[in-house]
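Let's take a walk through a protein together, one stop at a time. Keep the picture beside you and find each residue as we reach it.

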Amino acid sequence: MDKQIYFFDTSLRDGEQSPGCSMNKREKLLLAKQLDKLGVDVIEAGFAAASQGDFESVQEIAREIKNSTVAVLARAIKGDIDRAYEAVKEAKKPRIHTFIATSDIHMKYKLNMKPEEVIKRAEEMVKYAKSLVPEVEFSAEDATRSSTDFLAKIFDRAILAGATIINIPDTVGYVTPDKFYEFIMEIREKSKYLDRVTISVHCHNDLGLAVANTLAAAKAGARQFECTINGIGERAGNAALEELIMIIKTRKDIYDFQTNIVTEEIFKTSQLLSRITGSYIQANKAIVGENAFAHESGIHQHGVLNNRETYEIMTPESIGLKENKMVLGKHSGRHAFRDRIETLGFNLDEEEFNKAFQQFKSLADQKKTIYDSDIEALITRKTNRENNKYKLKRFVISSGNTISSVASVVLDIDGQVVEGLASAGGPIDAAVSAMEKCLGMELSFEDYSLQSITEGTDALGYASVKLKFDGKTYSGRDVSVDVVEASINAYLDAVNKI
Ligand code: KIV
Ligand code: ZN
C-alpha cells in the first residue's frame with residue numbers, strides 16, 4: 001500500500017469556526033503562507049458561501065499559494081459550489097470539498113431528506129463540482145454514526161461521479177480507535193470503488209481521541225489526515241497536526257509513512273496561529289506547549305545533561321525550537337532588518353516593510369535588545385488601523401497601591417474625538433470602563449490575558465481580549481512595550497471586529 005500520508009490542514013476553516021479563533025483576511029493569508037512553508041499538502045482555506053469575507057479570503061489565498069492545493073468547502077448545494085468555484089478557480093491546484101450528512105439522525109432532523117435523496121444529491125453535486133475543477137473531495141458528515149452499508153453506497157456513487165478523495169469524518173468525536181479501524185475496513189469491504197481513491201479522515205476531539213483515531217484509520221488504509229494546528233476546531237477541536245506528524249516521525253518503527261511536512265516549521269506555525277487568534281496553548285500541550293521540552297526535575301536535568309536521550313524522545317530542534325537569539329538593536333539599519341525578516345520567512349511588500357521598520361525603530365528606542373520573537377510579534381501585529389472605526393488617540397492613567405486607578409481615554413470614533421473618564425480598582429479595569437463610556441455600549445468580557453513575548457522587564461507585552469456581543473465571541477490582540485496600551489488596543493481590535 002502507498003506509504004505517503006497527505007496532510008490536509010483545516011485550521012482556516014474548521015479551526016476558524018471555533019469560538020474566539022476568527023481571523024481577518026490578512027491574518028488568514030499570513031497563516032496560509034506559513035502552512036505552505038510547513039509543507040501541508042492541502043490548505044482548506046474556508047467556506048466561501050458563508051460570507052463575503054470568507055469568500056474574499058479564500059480567493060486571496062488561492063491566488064497567493066504556490067505549492068499546496070487550496071481546498072474550499074461547500075455544502076452539496078449548487079449555489080455553494082458555484083461560490084466555492086469562483087473563490088478557488090485561480091489556485092494553482094484547486095479542490096472543491098463538498099459534503100452532506102449521512103447519519104439517520106442528521107438526514108431526518110437536519111436535512112429532512114430520505115437516504116435515496118441524499119445519495120442522489122451527493123452524486124449530482126460531485127458531478128457538478130467535477131465539471132468545474134479537476135479535484136473533488138466528498139465528505140459524509142457524521143460518518144461514524146452512519147451505517148457502513150449506506151456509506152459504501154454513497155461513496156461508490158460519489159466516486160463514479162468524479163470524487164477522488166473520500167473523507168470519513170468523525171464529526172462528533174464519538175468513535176474509538178479500534179472501532180474506527182474496523183469501521184473503515186468494513187466500508188472498504190462493502191464498497192466496490194473505495195480502494196481506487198484516497199481515503200481521508202477528519203477526527204474531532206470530543207473524547208480526546210482525535211489523534212489516536214486518525215492513526216487507527218491510517219492502519220485501515222486512510223492516507224489523508226485532516227487536522228489543524230494546535231488542534232483548534234469546533235468544540236474540543238480537531239486532530240492536532242503537530243502531534244500526528246511527530247508521532248509518525250518519532251515512531252517510524254510503527255508508522256512507516258512518508259510525508260511532505262517540514263517539521264522544523266512546526267513551532268513557528270503554532271506560535272503564529274496562537275498569536276493571531278489570541279488563543280493560548282496550554283503549557284503542557286504535547287509538542288508545542290511551553291513545557292513540552294522543559295526538564296524541571298533535578299534527576300531529569302542530570303540525565304539530559306549526560307545524554308539527551310535519557311528523557312528526550314525527540315529534539316526541540318526537530319520542531320524548529322531554537323534559542324531565542326538576540327538579533328538587532330538600536331543601530332541596525334534597513335538592510336540588516338530586511339535580511340532578518342527574510343530569514344524569519346516573512347515576505348513583505350515595500351509598504352509593509354516600511355511600516356515594520358518604523359515600528360522596529362521605535363521599539364529599539366524603548367527596548368535594549370530585539371529578539372526574533374519581538375520581530376515576529378511586530379510583523380504579525382495589526383499595523384493598519386487607519387480604516388478602523390474606533391482608534392486610540394491617547395490615554396493617561398494614574399494608579400498606585402493606596403489609591404484607585406483613574407483613566408482618561410481619548411478615542412477617535414469615525415473622525416469624532418470622544419473622551420471617557422473612569423476610576424476602578426486597577427489600571428486596565430479603569431481604562432476599559434473609560435472606553436465603555438466612549439463607546440456607549442456595555443460588552444461582556446470573556447477573557448483577558450497578558451503575556452511577555454521575551455524575557456526582561458522591557459519585554460514586549462502581548463495582550464489578548466475576548467469580548468462577547470450578541471451571542472458571538474470576538475477576539476482582539478496587540479503588542480506593545482506599554483502593557484496598558486497593548487490592552488487598550490487589543491480591546492479596540494475586538495470592538496472593531498464587532
Ligand atoms: O466535522 C465535519 O464533519 C466537518 C465536515 C464538513 C468535513 O467538518
Ligand atoms: Zn469538522
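A residue counts as buried when its relative accessible area is under 20%, exposed when that value is over 50%, and partly exposed in between, using a 1.4 Å probe and the protein chains only. This is a predicted model, in which local features need pLDDT of at least 70, side-chain atom pairs count only at pLDDT 80 or more, and totals for chains, interfaces and linings use all residues. Residues are numbered from 1 along each chain as its sequence is written, chains are lettered from A and ligands numbered from 1 in the order in which they are written, and side-chain values use heavy atoms, with hydrogens and water left out.

Start with Arg394, which sits in strand β11 (residues 390-400). Helices (H or I, at least four residues) and strands (E, at least two) are DSSP runs, numbered from the N terminus. Arg394 counts as exposed because its relative accessibility is 51%. If we set aside neighbours within four places in sequence, Arg394 is in contact (heavy atoms within 4.5 Å) with Ser408, Val409 and Val410.

Now, is Asp80 buried or exposed? Asp80 belongs to helix α4 (residues 78-88), and it counts as buried because its relative accessibility is 4%. Beyond its neighbours within four places in sequence, Asp80 is in contact with Phe47, Ala49, Ala74 and Arg75.

Glu243, in helix α10, is also buried, with a relative accessible area of 19%. A polar contact of 2.5 Å joins its side chain to that of Lys285. Such a contact is a pair of N or O atoms within 3.5 Å; within protein, one must be able to donate a hydrogen and the other to accept it, and residues adjacent in sequence count only if both atoms are side-chain atoms.

Next, look at helix α11 (residues 266-277), whose twelve residues reach 17 Å from the first C-alpha to the last, close to the 16 Å expected at 1.5 Å a residue. That expected span is 1.5 Å times one less than the number of residues. Nine of the twelve residues of α11 are buried, so the helix is largely enclosed by the rest of the structure. Its buried residues pack against α2 (25-38), α10 (241-250), α15 (372-380), β15 (461-469) and β16 (472-480). Just after α11, Gly278 takes a positive phi of about 75°.

Nonpolar side chains tend to be buried together in soluble globular proteins. A nonpolar core is a set of buried Ala, Val, Leu, Ile, Met, Phe, Trp, Tyr and Cys residues joined through side-chain atoms within 4.5 Å. The largest one here has 95 residues, of which Phe7, Phe138, Ile154, Phe155 and Ile168 touch the most other members. Helix α7 (residues 148-160) gives the most to this core, with seven residues. A second, separate core has 27 residues, including Tyr390, Val409, Tyr474 and Tyr491.

Our last stop is ligand 1. Its surroundings include Arg13, Asp14, His97 and His204, where being near means having a heavy atom within 4 Å. An oxygen atom of ligand 1 is 2.9 Å from an N or O atom in the side chain of Arg13, and one is 3.0 Å from an N or O atom in the side chain of Asp14. The protein covers 94% of the 260 Å² of accessible area that ligand 1 has on its own.

Methods. Areas by Shrake-Rupley, 256 points an atom, 1.4 Å probe, with all protein chains shown as cover.
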